[in-house]
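Here are some friendly notes to keep beside you on a first look. Please have the sequence and the 3D view open as you go through the points.

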Amino acid sequence: MPRHTFATALGHCALSWSELGVSRFELPEAMARPGDITLPPPNILSLAGRVQRHMAGDLQDFADVSFDWSDLSEFQRQVYEAALAVKAGFVLSYGELTAALGLSRGAARAVGSALGSNPLPLLVPCHRFVGTGGKMVGFSGQGGVATKVRLLALEGAQLLAE
């Protein structure tokens with residue numbers, strides 16, 4: 001799978017793609033690898049530029065990106081598509097996302113698990129989901145909860161102090 005590593009204001013990120021669309025996104029600090037493509041196709045180069053602008057504070061909405069969902073379950077895809085509706089500066093609890101999907105309260109763990117295995121963090125904004133009462137939990141991306149808080153602060157989300 002082709003991969004392109006690029007610098008942002010918060011560190012190096014990486015995009016991977018297939019003919020169907022973007023399949024992976026790596027948050028800072030993605031390391032360059034032998035075989036990385038330095039001049040990707042125009043759509044990937046454009047997306048890398050949008051990520052750079054977002055990380056510099058010019059917030060972007062990535063809901064229009066063509067994603068390759070082929071390695072995901074239908075449930076994961078539904079969760080990720082619903083997550084795309086939560087815009088920069090806003091947060092929802094896992095329970096609120098579960099309700100928005102029309103699922104029972106008991107499905108919140110499954111929703112959290114799907115977000116925790118998101119191969120497209122930032123682009124599919126799993127960082128915008130918090131625990132009950134705004135608790136910062138559940139971020140498996142590079143840097144863990146500290147990266148989640150950093151992204152939410154960049155986006156102007158109102159965060160509660162512990």
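1. Let us begin with a hairpin: strand 1 and strand 2 make one, with 2 residues between them. Helices (H or I, at least four residues) and strands (E, at least two) are DSSP runs, numbered from the N terminus. Before going further, please keep in mind that this is a predicted model, in which local features need pLDDT of at least 70 and side-chain atom pairs count only at pLDDT 80 or more, while totals for chains, interfaces and linings use all residues. Residues are numbered from 1 along each chain as its sequence is written, and side-chain values use heavy atoms, with hydrogens and water left out.

2. Strand 1 (residues 3-8) and strand 2 run antiparallel, joined by 6 bridges; two strands pair if DSSP finds at least two bridges between them. On the other pairing, strand 2 and strand 3 (residues 21-26) are also antiparallel, with 5 bridges. There, leucine 15 stands opposite phenylalanine 25, and a hairpin through 2 residues connects strand 2 to strand 3.

3. Why is strand 2 (residues 11-18) largely enclosed by the rest of the structure? Of its 8 residues, 6 are buried, so the rest of the structure largely encloses it. Here buried means under 20% relative accessible area, exposed over 50%, and partly exposed in between (1.4 Å probe, protein chains only).

4. Do look at threonine 8, found in strand 1. Its bridge partner in strand 2 is glycine 11, and the side chain of threonine 8 also reaches the backbone oxygen of glycine 11 at 2.6 Å. Threonine 8 is buried, with a relative accessible area of 14%. Beyond its neighbours within four places in sequence, threonine 8 is in contact (heavy atoms within 4.5 Å) with residues including Pro28, Val51 and Met55.

5. Threonine 5 also lies in strand 1 and is buried, at 18% relative accessible area. The side chain of threonine 5 makes polar contacts with the side chains of arginine 3 at 3.2 Å and aspartate 36 at 2.6 Å. A polar contact is a pair of N or O atoms within 3.5 Å; within protein, one must be able to donate a hydrogen and the other to accept it, and residues adjacent in sequence count only if both atoms are side-chain atoms.

6. The C-alpha atoms of glutamate 19 and serine 66 are separated by 10.0 Å, with the two residues 47 apart along the chain.
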